[in-house]
Amino acid sequence: MKANVDATAGVNTAAEKPGNGGLAVRLDAVEKIYKSEKMETVALSKVNLEIARGEFLSVMGPSGSGKSTLLNVLGLLDPPSAGQVVLDGNPVAEYGDRQLAKLRNREIGFIFQSFHLINDLNALDNVQIPLLYRSIPNGTRRAMAEIALRRVGLASRQHHFPTQLSGGQQQRVAIARAIVGTPRLLLADEPTGNLDSKMGEDIMQILEEYNTVAGVTVVMVTHDQRLAERTGRIVRLFDGRQVH
C-alpha cells in the first residue's frame, strides 16, 4: 500500500520546510577509536567524505564496519578521535557543548531502526518531544506536530499510542518526530530494517519525498542493496575504512 504522504501541503510555511535547504557536511580524515583497559577498537579510520547540500546518500557495509559510528559522528553525538567534521564550511570543533546541542536539536533529525517511541505518550506527543527544548508556545508545537504527522500519512492516528500502531506506523511517527523541527540533515539508521517489504517501501518513499520536496540532506544506513540503489550515491565501509 502506498504511503499517504501529503508532500506538498504547506511547504511554504516555516513549520513545513527549512528555509535554507539541506546541510552540507564534510569529514576530513576522521578517525574514531574506542579505548578500554585491555584493548583499542578502531571504528573509523581516516574517512574523507563530502556530502553535498540536498544529497541523498546511503551507507552500506557488513556489521561492525562503522556505519552507525559514522552516523553518530555526522550527527554530532560522538566527537571524532582525530580529523574534523565541517558543517556548511564551519568546523564543528570550534563549537562548545551548548552550541553543539543547539545544532543537533535545530539542524539534525535522527531516525532509528527500533523507533525509540515513548509508550506512555500518544503519537502527537511523541512527535513534539524535540520541540520541548525550544522556546515554542504549546499551540505552535502542537500545530507543527500535526503537520509532521500529516506529511507521513498519520493524521488520523495522532491520538493513538505506540502499542496501538503497526511497526510501519511507529516508524512513520519516528520520522515525523525527526522532521518536526525542520532539520536540514536527516540521519536514518536502518529505517526499514524491522519492517516487511511493503512497509519498508512506504518509509523509503517518505524519505525520498522529503529529500526532493524540502531539499533536506539525507544519509541512510541500510543493508538493502535495492533501496541503496535508489539514492544518489552509495558509500561503502569495511573495518572502519571507506572502500571504493
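First, a term: on a 1 Å grid over the protein atoms alone, a pocket is an open set of points where a 1.4 Å probe fits, with protein on both sides within 12 Å along at least five of seven lines, and its lining residues have an atom within 4 Å of a point. Grid points are joined across faces, edges and corners, and a volume is the space filled by probe spheres set on the points. What you're looking at is a predicted model, where local features need pLDDT of at least 70 and side-chain atom pairs count only at pLDDT 80 or more, while totals for chains, interfaces and linings use all residues. Residues are numbered from 1 along each chain as its sequence is written, and side-chain values use heavy atoms, leaving out hydrogens and water.

**Stop one: the pocket.** Select Arg104, Asn105, Ile108, Phe110 and Pro130: among the 17 lining residues of the largest pocket, these lie nearest its centre. Its volume is about 420 Å³. Now colour strand 6 (108-112), which gives the most to the lining, with four residues. Helix 2 (97-107) and helix 5 (167-179) each supply at least two. (Helices, H or I with at least four residues, and strands, E with at least two, are DSSP runs numbered from the N terminus.)

Two strands pair if DSSP finds at least two bridges between them. Zoom in on strand 3 (56-60) and strand 9 (233-238): they run parallel, joined by four bridges, and Ser58 has Ile234 as its bridge partner in strand 9.

**Stop three: the hairpin.** Move to strand 1 (25-35) and strand 2 (40-51), which run antiparallel with eight bridges between them. A hairpin of four residues connects the two. Click Arg26 and you'll find its bridge partner, Glu50, in strand 2.

**Last stop: two loop residues.** Most residues other than glycine have a negative phi. Pick His116, in the loop between strand 6 and helix 3 (123-128): its phi is positive, near 60°. Then pick Asp239, in the loop between strand 9 and strand 10, with a positive phi of about 50°. Is Asp239 buried or exposed? Asp239 is exposed, with a relative accessible area of 53%; buried means under 20%, exposed over 50% and partly exposed in between (1.4 Å probe, protein chains only).
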